Amino acid sequence: MIFSIISLTVFIIAFVWLFTSLQAAGRGAGDTLKWWRQHYRRKRAVAHEHGWLSPSSLRYLSYFFALDFLLLLAITGFFQPVFLLKPMSGLLLLLHLTIAPFFAAALLIFVLFWVEKQKPKDGESSRHKRLKMCFWTILVLACVSILSIGLSMFPLAGTQLQLILLAVHKYAAVALVVAAVVHAYFVIQLFMKQQ
Amino acid sequence: MCAWTLAAQTEKIGDKADGNRSLPVHRIKLFDENGDVVKPYHERSMPFSLRETCGRECHSYDTISQGWHFESGFGSNDSGRAGAPWIFSDQFSATQIPLSWRAWPGTVHPQEIGMTPFQFVKDFGGFYPGGALGEADSVHSLDNYFRWNVAGKQEINCLACHETNPAYNPAEYVTQMKKQNYRWAATAASGIGQMEGSAAKMPDNYDLYGTFDAPSPNDPVPMVFYEETPFNRRGEVLFQVKRKVPNEKCYACHSTAVVGENAERWHGDDDVHIAAGMSCVDCHRNGLNHKITRGYEGEKNGIVSLTCAGCHLGDDAESVAGRMGAPKPQHAGLPPVHFEKLSCTACHSGPVLGNESADIKTSISHKLGTVGVNKSATAMPHVQAPIFLPGHDGKIAPHKIMWPSYWVDVRDDSIHILPVENIRTIVLQKSTYRDTLHSGDWPQLSDSLLATILDSLAQQDTTLQQVGYISGGLLFTAKNDSEVVAQPHSAGKPYTWALAHDVRPARQSLGIAGCNDCHAYNSPFAFASVSPPTPVLSAQGRVESMTVFRGASHWQTKLFALAFYFRPVLKLILAIVALLLVAVLALYAFKGLATLTQNLASKQSLDKG
């Protein structure tokens with residue numbers, strides 16, 4: 001119940017902030033999604049041209065895929081605990097477990113391609129600074145989220161530690177989703193500015 | 001003050017402990033049901049009455065009679081979680097019915113099959129330790145008024161549980177109850193007196209106190225002959241009664257045997273608690289009112305610390321963890337969701353499940369431990385275990401299960417159970433019961449034989465609307481002379497009741513070998529076959545998956561189980577990803593640290609310069 005209230009509140013605040021920020025930037029949600037799709041199609045066309053496993057394709061597509069998988073993980077992971085107030089189970093749990101390794105792989109590729117560029121530099125714009133801060137936040141939260149659930153799958157932790165690991169996974173996941181939303185907003189803002 | 005005085009007056013000397021923990025000696029006089037002292041050398045001695053002997057001065061009998069074992073649903077509106085039924089089974093009419101005087105859903109009230117308390121006590125009294133059904137006038141019907149006078153009342157048999165003298169013979173108690181020697185049964189079982197004759201053979205006008213000639217030389221009037229040895233010069237007898245009931249006394253009525261398992265007695269193990277030196281009553285405790293703690297979670301008026309979780313985990317505020325040295329389990333690697341969905345017993349209790357649910361026998365339903373018991377593997381009634389399904393609290397728990405089988409008159413949408421006596425005659429005439437006579441099993445009914453029996457029943461009583469037979473979850477009705485129609489019917493739904501023993505050692509619990517113990521594609525926990533027993537040949541071999549009983553989708557469960565094949569891959573990917581991400585984080589953290597120290601060093605040089 002507490003998790004449901006906290007996560008719901010955080011998500012509402014995050015999405016309200018996202019939409020109001022987009023509105024303030026003169027972009028509606030519809031426009032943004034349209035732009036997002038077009039951008040994805042462009043990157044996909046590049047991938048078709050150079051091959052899906054080419055570094056230039058993976059560099060961008062890993063981000064899109066990681067984000068998509070994170071969205072799916074969030075839907076399958078939060079629906080039952082947040083809205084039905086019951087633990088994950090059944091098909092949703094199955095889907096969550098199936099998507100999880102794909103998200104982890106996409107995230108790893110994304111991180112490996114982009115991490116070098118996320119080092120703070122002197123004299124860079126505040127927009128870049130915020131973007132980089134979001135990246136590092138995502139990286140830390142993803143580590144926490146994956147490690148906590150990964151450790152719980154091994155016969156190492158007793159019930160109390162299991163409960164702690166599960167709670168850490170859940171709250172880290174909420175924070176990860178919020179960080180990803182904020183990061184996506186900054187990415188959109190940056191690219192739109194460039195265009 | 002007045003109330004206190006009254007309470008003090010009504011309290012008897014054995015009702016309340018004074019703090020001394022030693023065993024009180026029970027060298028006492030015996031009293032018969034009229035309150036007269038029993039004298040062993042009297043020519044026509046009465047059996048001793050436990051109401052008078054134990055309850056006269058020392059123990060408040062009326063308070064004790066509120067106990068679960070005695071009140072049988074007549075003393076309480078709340079009978080708690082559904083428990084073991086009394087199973088009426090009749091081999092020749094292929095009938096087995098779960099009975100209960102309590103309002104447990106799925107059981108049949110004995111009166112629905114025309115069974116009076118007198119008949120009930122006759123059939124089941126050997127395993128019923130007396131009380132409401134056996135002695136309360138308010139419960140008895142006038143139909144058997146004279147028979148009650150002949151047989152006497154079945155008072156609470158305190159000795160059944162508390163007498164530890166090895167001379168006490170529970171099988172003798174059963175024998176005497178079968179003979180309708182209700183008032184004599186406890187005396188005969190105690191070994192203090194020997195019983196002759198049978199009240200069942202006496203006519204309704206038999207006078208216990210008058211002179212009465214036996215109906216025949218082979219049927220003497222019921223009479224008890226006391227041994228002189230147990231009595232001392234003052235006419236007192238030493239009872240070896242214990243407050244703390246030994247396990248063997250409980251086992252007299254509460255044994256469960258898995259058919260085919262541990263054919264040699266020494267192959268089997270006890271419940272892990274018993275093996276550790278505990279006794280049943282360490283957990284199943286009671287006060288003077290004998291409302292024994294059943295020990296399940298959520299029990300009304302139960303004691304939290306006497307449940308599995310209360311004693312072993314102690315997470316609850318009311319718990320006293322570690323009671324009686326209970327170890328706290330770690331459950332390492334077990335996702336906590338299991339504690340929300342499974343009872344403790346799901347993993348730790350009952351027989352180990354194979355690919356099929358096992359046939360079991362219980363003391364009460366199969367009259368185990370009595371003289372002449374049928375030891376055949378197929379002896380009725382047919383009960384199975386374990387079946388994993390949601391219990392009273394929605395958590396999956398192992399259950400015992402039985403499918404009722406009985407003959408019915410289907411009237412509109414309701415069904416009425418037909419009396420067994422008429423059916424037995426017809427089935428005996430028509431069936432080849434001799435094949436199964438010695439095995440104690442029901443006769444095998446082909447479709448044509450069943451159709452013939454149904455037809456005969458309909459002809460015998462033309463007032464019946466449609467005669468049918470409920471068995472294995474199906475209602476069979478005659479289509480024509482040789483064919484029957486079978487369809488699922490709610491009346492055929494199985495009755496299930498939770499089991500909690502024997503508790504296996506931790507290393508034999510489900511899940512000890514990993515997730516696949518329960519989540520494998522073919523794990524018995526999820527997919528074991530359950531075959532509803534029925535004498536109808538065409539319906540035999542019908543198999544249902546364990547998932548059906550849990551109300552889960554078979555294919556969804558299969559799919560979920562399939563996912564566990566990929567679990568090692570998932571673990572591997574997560575481990576690699578987590579390691580690399582942590583490595584990246586660490587690398588850049590060190591890089592950042594290096595930059596920081598370099599910056600600090602250059603700043604220091606600048607300051608010096």
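User: What makes the pair K591(B) and E116(A) a salt bridge?

Analyst: In this predicted model, the closest N and O atoms of K591(B) and E116(A) are 3.6 Å apart. The cut-off for a lysine nitrogen and a glutamate carboxyl oxygen is 4 Å, so the pair qualifies as a salt bridge. The rule finds one salt bridge across the interface of chain A and chain B.

User: Which helices of chain A supply at least two residues each to the side that touches chain B?

Analyst: Helix 4 (90-114), helix 5 (126-152) and helix 6 (159-194) of chain A do. Helix 4 of chain A gives the largest share, 13 residues.

User: What makes the side of chain A that touches chain B nonpolar by class?

Analyst: That side has 28 nonpolar residues, against seven polar and two charged ones. Polar contacts between chain A and chain B come to four residue pairs, both residues being at pLDDT 80 or more.

User: How much area do chain A and chain B bury between them, and on which atoms?

Analyst: About 2,900 Å² is buried between chain A and chain B, with 79% of it on carbon and sulfur atoms. In chain A, the residues that lose the most area to chain B are L94(A), L108(A) and M153(A), which together make up 19% of what that side buries. The contact involves 37 residues from chain A and 30 residues from chain B.

User: How do you know which element of chain A has the highest mean pLDDT?

Analyst: Among the elements of chain A, the highest mean pLDDT is 91, for helix 5, and the lowest is 78, for helix 2 (residues 29-50). Chain A has a mean pLDDT of 86, and 98% of its residues reach 70 or more.

Key
Residues numbered from 1 in each chain as written. Chains lettered and ligands numbered in written order. Predicted model: local features only at pLDDT ≥ 70, side-chain atom pairs only at ≥ 80, totals over all residues. Heavy atoms only, no water. Contact = heavy atoms within 4.5 Å. Buried area = accessible area lost by both parts, 1.4 Å probe. Salt bridge = Lys/Arg side-chain N within 4 Å of Asp/Glu carboxyl O. Polar contact = N/O pair within 3.5 Å; in protein donor to acceptor, adjacent residues only side chain to side chain. Helix = DSSP H or I, 4+ residues; strand = E, 2+ residues; numbered from the N terminus. Nonpolar A, V, L, I, M, F, W, Y, C, P; charged D, E, K, R; others polar. pLDDT = per-residue confidence, 0-100.
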